[in-house]
Amino acid sequence: MKDIIIVGGGTSGYSAALILKTRFPLINIKVIKSDKIGIIGVGESTHHFGEFTDFVGLDRLDYFKECDATVKYGVYFKDWGSLDFLHSTNINSEIQRGQFRAFYAHCLLNDIDAKNMTDKFKWSNLICQKESNNEFHFNTFKLNIFLEKKCLERGIEIITDEITEVNIENNNIKNLNHKYSADFYLDCSGFKKVLISKLGAKWISYQDYLPCNEAIAFQTPDTDEYNSYTLSQAMKCGWMWRIPVWGRWGNGYVFDNTLIDADQAKQEVETYLGHEIQIAKNIKFEAGALDQFWIGNCCAIGLASSFVEPLESSAIAATHMQTFLLLNYLINYNEENQMAYNEKTKAMMENVRDFIIMHYITDKEGVFWKKAKHLPRPSSLQFNLNMWKNRLPIRSDFGDYKVYFEMNWIPLLIAKGLIDKNKVIKEYKLMGEELIKNVKKEIVLNQPKNLIKHKYFLNCIRSNLFKIKEDKELNYTIYSDQNIVLNNDLYIKSCMDAKERFNYYFKDLDETWNYRKYNIFSLTSGCPYFYKLQNNITDIVRNFLKTKDPLWMQAWLNYNETNKFEDWHNHEESTCHGYVSIQPGLSKTIFENYEINNEIGQIYIGPSLNKHKVEYTGDFAHPRITVGFDVFTNLDFLDMKEKYRNNINLGMISI
Ligand SMILES: Cc1cc2nc3c(=O)[nH]c(=O)nc-3n(C[C@H](O)[C@H](O)[C@H](O)COP(=O)(O)OP(=O)(O)OC[C@H]3O[C@@H](n4cnc5c(N)ncnc54)[C@H](O)[C@@H]3O)c2cc1C
């Protein structure tokens, strides 16, 4: 196989091109897209995305910046039943017995309901750096530009042309528009199915099982803070998605058009939001998938192959999965390979279909909700529901190349009361006290730490050092240092190492009070993170003092293991004073005329005479780690010698 043509330059076409080019760099790949037709322009929430970016080698920081991405920890189901809950797969204990997921049994045993199974921070616009992240929100148009750029960088040819003729010979595509030919073709042309429909593929509708068939999409303005989840808000005749991306929100109402039309959907949204909206897109769809995804020398991927509905943002994840699967069958394919691929993709789509249908099993009142609950269920779903009534789903219930595994199904089944809690608890108890104790221990150990606000985190990603606040009247400025936010663990570790070095030389002395004996930047020599920090502080200081004259800086480590901090004080000998929050915990610094809520990575600089003290605003959970610095102008070497004699200040370095 020498060349592949992909028709379609949407998320599917470009993702598939990158995946194929990564695995087979020697194959020529062309993407043909039509700017007149454009992309569908919706679909801004995804999961499994980290697997794609890692495989094709995309830098997540670039992706965040260029696609206006935000963090997603799951989907928040609001008003879908008596209990709101978050479908999130990050849990605090990974312990398994065989494939039995003990965390969930622990929750059932301890009466922790579906809402409380998820860490509280995920509901409150906070980010935990430690949580691995495989899910994102993004601006779909910017993602398209980003993926196109990456394709071009990797030698994938992109042609703008509309395919109007698909010439077929012996059940294979011979050429397109009599102009383009290749050994293999991917149909990524979206709902138009430009290639695969010509090869005779038929649409198998899932509409008998699923209630929604139309959506309106609209944008709303930016907000001061962002959710770290996709909101799925139950509405009268469907549900509304609300997705934060940098600079705006993407929203939509997915509904049953046998009950309401787009105008009524718009009105309901406006009443709910309390303001008018402009419909950007109105899309009708029929849930379903092709009977054959791969026919002859053509395979359909993305919307051209299947679409269930926007709930749980399954489509892009399924697209990636379909392409990853294809990699294994493509090069030396024969009929059996095609059959195997088609079978596996069919099972993948049925996994998505069944998972989505399960969401509508709810006791919510209303014509739509009653209708949705009583729609027929596929036998595969009913079989699994019967089986899982008595036990937790396990990985091998799913096989490979699926979109939703036990970690997705279990929280949903628990939230909906579809698992017999007592049976699971009985099984768990039979595994013995030791296991129960270990799970408990791991949950405590894995409690999330060092949380930061979502928008603050995104700001940090978007610029190396950014000004959060400047008060010209009170003469202070607060910055955020991207390095500290993104590598917080490494900074904390470096501070711990610095403390160890300090204690080696100064035994039990306190690092704060002995600031004259050392400088944190010499104590951390060899540490690249502190090297960067010193450079940033130097820039900040020079900008604050607006001088190119010689400056000296005394900088020390504060490592408070109790919540006893210094009372009101200032740094009167110096010209200006500042501090860097490495692990501030829930603390604030109170100055006489203002207060600062300390966040990870924040660098404060202000006049040295400002009196201040530190207070905790919540529980003191771990050492408070900061770096303090005083800057001096006009130091005189001879004067200092006179003044300090044998007690010379070793804490100064020139900057
Ligand atoms: C209402 C709605 C909400 C959704 N929400 C989500 C979500 O939150 N998460 C998620 O994962 N998915 C979501 N999806 C699905 C998601 O939008 C798609 O999976 C994704 O955008 C990929 O689309 P695509 O590339 O397959 O198709 P498209 O974006 O439609 O791209 C098709 C491409 O083919 C080209 N093309 C078409 N015809 C021709 C032709 N004749 N000649 C040349 N080129 C042609 C077009 O120009 C375009 O470049 C949603 C879908 C809908 C309908």
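A residue is called buried when its relative accessible area is under 20%, exposed when it is over 50%, and partly exposed in between, using a 1.4 Å probe and protein chains only. Keep that handy for the whole tour.

What you have open is a predicted model, where local features need pLDDT of at least 70, side-chain atom pairs count only at pLDDT 80 or more, and totals for chains, interfaces and linings use all residues. Residues are numbered from 1 along each chain as its sequence is written, and side-chain values use heavy atoms, with hydrogens and water left out.

**Stop 1: a loop residue**

Select Asn475. You'll find Asn475 in the loop between strand 26 (465–471) and strand 27 (476–481); helices (H or I, at least four residues) and strands (E, at least two) are DSSP runs, numbered from the N terminus. With a relative accessible area of 37%, Asn475 is partly exposed. Its phi is positive, about 60°, though Asn475 isn't a glycine. Most residues other than glycine have a negative phi.

**Stop 2: another positive phi**

Now jump to Glu312, in the loop between strand 24 (306–307) and helix 7. Glu312 also isn't a glycine, yet has a positive phi of about 70°. Is Glu312 buried or exposed? Glu312 is buried, at 4% relative accessibility.

**Stop 3: the ligand**

Next, look for polar contacts, which are pairs of N or O atoms within 3.5 Å. A polar side-chain atom of Ser12 sits 2.7 Å from a ligand oxygen atom. Ser34 uses a backbone N or O atom, 2.8 Å from an oxygen atom of the ligand. A polar backbone atom of Gly9 is 2.9 Å from a ligand oxygen atom. The ligand on its own has 1,000 Å² of accessible area (Shrake-Rupley method, 1.4 Å probe), and the protein covers 96% of that.

**Stop 4: helix 10**

Finally, select residues 379–388, which make up helix 10. Which residues are buried here? They are Leu381, Asn384, Leu385 and Trp388. Look down the helix axis: the buried residues fall within an arc of 100° (taken from the directions from the axis to the C-beta atoms), so they line one face of helix 10. Turn to the face away from that buried side for the exposed residues Ser379 and Phe383. Covering the buried residues are, among others, helix 8 (335–359) and helix 11 (406–415).

Note on methods. Polar contact = N/O pair within 3.5 Å; in protein donor to acceptor, adjacent residues only side chain to side chain. Contact = heavy atoms within 4.5 Å.
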